[in-house]
Each structure stands twice: as C-alpha cells, then as structure tokens.
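Please look over the model below before reading on. This short report walks through a few of its features.

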Amino acid sequence: MGETPIREDGTVTRSAEYIGSFPIDDCCLDDQIEQLYTQLKRLKSCKRRRSVSLKFSVKGVKVFNEDETTLLMAHALRRVSLSIARPSDSQFAFVAHNPGSSDTQLYCHLFKARHARAAQFLNLLLCRCFQLCYLEKHPEDAQNELSGKTPTRVPSLLNHGFPLSVSALVSFRRAPTQGLLPGAKESPTPSPTPSSGPDDVFPTSPTLVRKKAIREKVLRSGAYRSFTCTPLKQRHLQDHLNAPQADKGQDSVPVLRVRAPSLAETEEALAHAVWSWSGVSSDSSSSLLAEDVLGSYLLCIHPNKPSPGSLIIRFPSGLVTLTVKTHRQKFFLENCHIQFESLPALIDHYTEFRGELECPLSCARVNHCYEWDENDSKALSQQRSQQSSNRNGKYQCWV
C-alpha cells in the first residue's frame, strides 16, 4: 500500500464501506472480544453498505460521506475503547461510547474494506493512534531516545586552538591512562594521572607528543600533516565553530533531534511500530500488554543480537516470551515447527490459526487512554460539539 498520505494536521484518510453499528454488552474484556468476533462473522455477508471516508488522527476518528462533504460520525479518541479487524473477511471495526450519551452503552461500528490488507491497515492506523495518544498523555513512559537529552560533545581540536596539522594526534591524549604507545618500553615508574579538566585536553604540547612518537618510531617524520588547509582556512573554521556558541543565549540548550512518532509511515513500518509499541519504553509496554486483549503481543527487538527478536504474548496463563528464530533465512517461533518467509507472514499465520500456541494471536488492541465518564468534561464536550456543528453542519450519529 506504500507510503501513508498524511495531511499537515496529522490526519490520514482511507476509504471503506460502512456496514452498520450494534450495541456491546457490558462485560469483561475477553467476553467482549468473543462477542465481537461472533457478530462480525454473522455480518460478513451483509449487503447493506455505504461508501464512506475514514479520517484517523491522534484526536479521534471521523466518518464522512464518499466525497467528504458531510460529516456522518465523529468520535474523540478518548471515547474509543478498542480496535479490531478480521482480515480474512476484510472487516474493520472499533468500539466507542457515543458522544453526548448519558449512559455507558458501547457500540461497535463495522466497516468493510476493499481487501484483507486494507482492513488490516485500517486497524493498524487506529492502533497506532492509541499508542501516540498514550505517549502524549504519559511522556514519562517514552523511550530514552525521545527524552531530548543533550548529546555529549566530543572535544574538538579546532575549539582548543590547535591547527588541523595535529588533528590526528587526538588519539595520543589518553596514552598515559589507556596504555603505552605501540613499540614503547615499559617504564618502572608509574605515569602521573593526567588532568581531566575541559581546558586541559592535552596535558603535554602536541608538538612534544609528536616528536616523542617519532623518536619511538611510531610515526614517520612527515606523517599526519595537512597540506590542504591553510592558516586562513583554519581561522575560518575556528570562527565558524565558535560563532554559534557566542550567538546562542544562555537559556538555549542544544537538543538531540529525533524523529517523533507519527502516522506518516509505510505499511511495513506502521505494522512494526504497532507490534513493538515504538516510542514507548519496554517496561511500560510490557505492563500495558498485561491489560490488553487475549492473544495480543509485543515484538521485542534485540539490537545487540543477530536474532529477529522475541514475541511477548498474553496467553490465558499470563505473559509468555517466545523467541523468534531463523534457519536458512526462514522464520519460526520457539517450540513451533512451521517456518515462514518473513516475520509478518509468521504473525499473519498465527493470527488465523492457533497451531502450537495456547491461543491465536489477536490483532485487536485496547485504547489505554479510554475514558467513559462524561461528567468530567461535559462542558468542554458541549463547547466542542457546538463548534463542530457550526463548521460542518448537522451532526449525525448512526446507532
């Protein structure tokens, strides 16, 4: 399906066919999921449909008519409890509390996609919206890469006034603490510990260090000299590096720029982000998985290991970790015998078939930022509803 088109306001639009809505009983999460699957199987051959456009964002889900001129349905993301899909029948649905309703009745809104991958993609979009909303409300649970830490600055030779002709000597400044130079003889007296102050990067003159290296026959006489950088260029580079530091105010702090999580991803990247809870720390994502639907899973990648990673799955017995192994470029789960061409193919298979697992994998996901109490924000909801009706005309909600 390629790159996800995203507007400047962070909205992704997809087309589908609206089938209908039905109420969901007030019961435990696992019973609700079972009820949903039963109802979706009954409605897979429903002929009553209407072409609509779905708009996904971190704020919520909106349903327009086919030409996007009339707003048919709008749900704030905090009123959507979960997202579910049945790719085998190209079905996608989400459960929400109808806006303005005084009771706690939940309704499932069912849609028919063009094909199985489109239904799966709609589900991934809404699941990713759940995760991004959680990151906005709980920034303390974000990964360290998103914390905006100031990167450690490596001392530069130009910043200390040394010319480029001695730039290669930076490797010699820790010689007294990290070991002797190659070819040097061990001295019976211990070497003094060099100063570690910011203005004392070189405890000894670079020229003396270079001459000593030549005497020890570590360097040749003409080694590590720059013939391409004249003194004028050296001063220009020094001024270029020192200028931003002088222009910046004392309150400005350099921040590590990291690409923020968004919906503007390819289909493969979006699926990987949902499976691994991209942007959320591993401890928080594991604790949230324990409160998710039965069969939900978390993909854990080990960057320092050659293996593809592991799947933490919520089984009836609890959270179980299964390593994803490879053999001759084939993927298979620990204690399982079926091999697959790719990791997505492995996940798709165990979503449809249980195999050796305790239960099949589930593509449904819970919105951990769901709120069902209307009293806390009743005034705010009425204000937003009035503003929405003024902009988009008469509001309709299908139930």
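## A buried strand

This is a predicted model. Start with strand β9, residues 309-315. Seven of its seven residues are buried, so β9 is largely enclosed by the rest of the structure.

In a regular strand, side chains alternate between the two faces of the sheet. Both faces of β9 are covered. On one side, G309, L311, I313 and F315 are buried.

## The partners of β9

Which way do β8 and β9 run relative to each other? They run antiparallel, and four bridges join them. Strand β8 covers residues 297-300. C300 has S310 of β9 as its bridge partner.

Strand β10 covers residues 318-327. Seven bridges join β9 to β10, and this pair also runs antiparallel. Here S310 has T323 of β10 as its bridge partner. A hairpin of two residues joins β9 to β10.

## A salt bridge from β9

The model holds eight salt bridges. One of them joins the side chains of R314 and D30, at 3.3 Å from N to O. The two residues are 284 apart in the chain. R314 sits in strand β9, while D30 sits in helix α1, residues 29-42.

Is R314 buried or exposed? R314 counts as buried, because its relative accessibility is 17% and the cut-off for buried is under 20%. D30 has a relative accessible area of 30%, so D30 is partly exposed.

R78 forms a salt bridge with E371. Their closest N and O atoms are 3.7 Å apart. This pair also links distant parts of the chain, 293 residues apart. R78 lies in the loop between β4 (71-76) and β5 (80-86). E371 lies in the loop between β12 (365-366) and α9 (378-392). R78 is buried at 15% relative accessibility, whereas E371 is partly exposed at 33%. R78 and E371 also belong to a network of salt bridges that includes K137.

Now take R117 and E267. Their side chains meet in a salt bridge at 2.3 Å, N to O. R117 lies in helix α2 (residues 116-137) and E267 in helix α6 (residues 267-276), so the pair ties together parts that are 150 residues apart in sequence. R117 is partly exposed at 43% relative accessibility. E267 is buried at 10%.

Most residues other than glycine have a negative phi. Which value does phi take at E68? E68 has a positive phi of about 60 degrees, although E68 is not a glycine. E68 is in the loop between β3 (60-65) and β4. At 36% relative accessibility, E68 counts as partly exposed.

W277 is not a glycine, and its phi is positive at about 50 degrees. W277 is in the loop between α6 and α7 (282-289). At 6% relative accessibility, W277 counts as buried.

Conventions
Residues are numbered from 1 along each chain as its sequence is written. This is a predicted model: local features need pLDDT of at least 70, side-chain atom pairs count only at pLDDT 80 or more; totals for chains, interfaces and linings use all residues. Side-chain values use heavy atoms; hydrogens and water are left out. Buried means under 20% relative accessible area, exposed over 50%, partly exposed in between (1.4 Å probe, protein chains only). Two strands pair if DSSP finds at least two bridges between them. A salt bridge is a side-chain nitrogen of Lys or Arg within 4 Å of a carboxyl oxygen of Asp or Glu.
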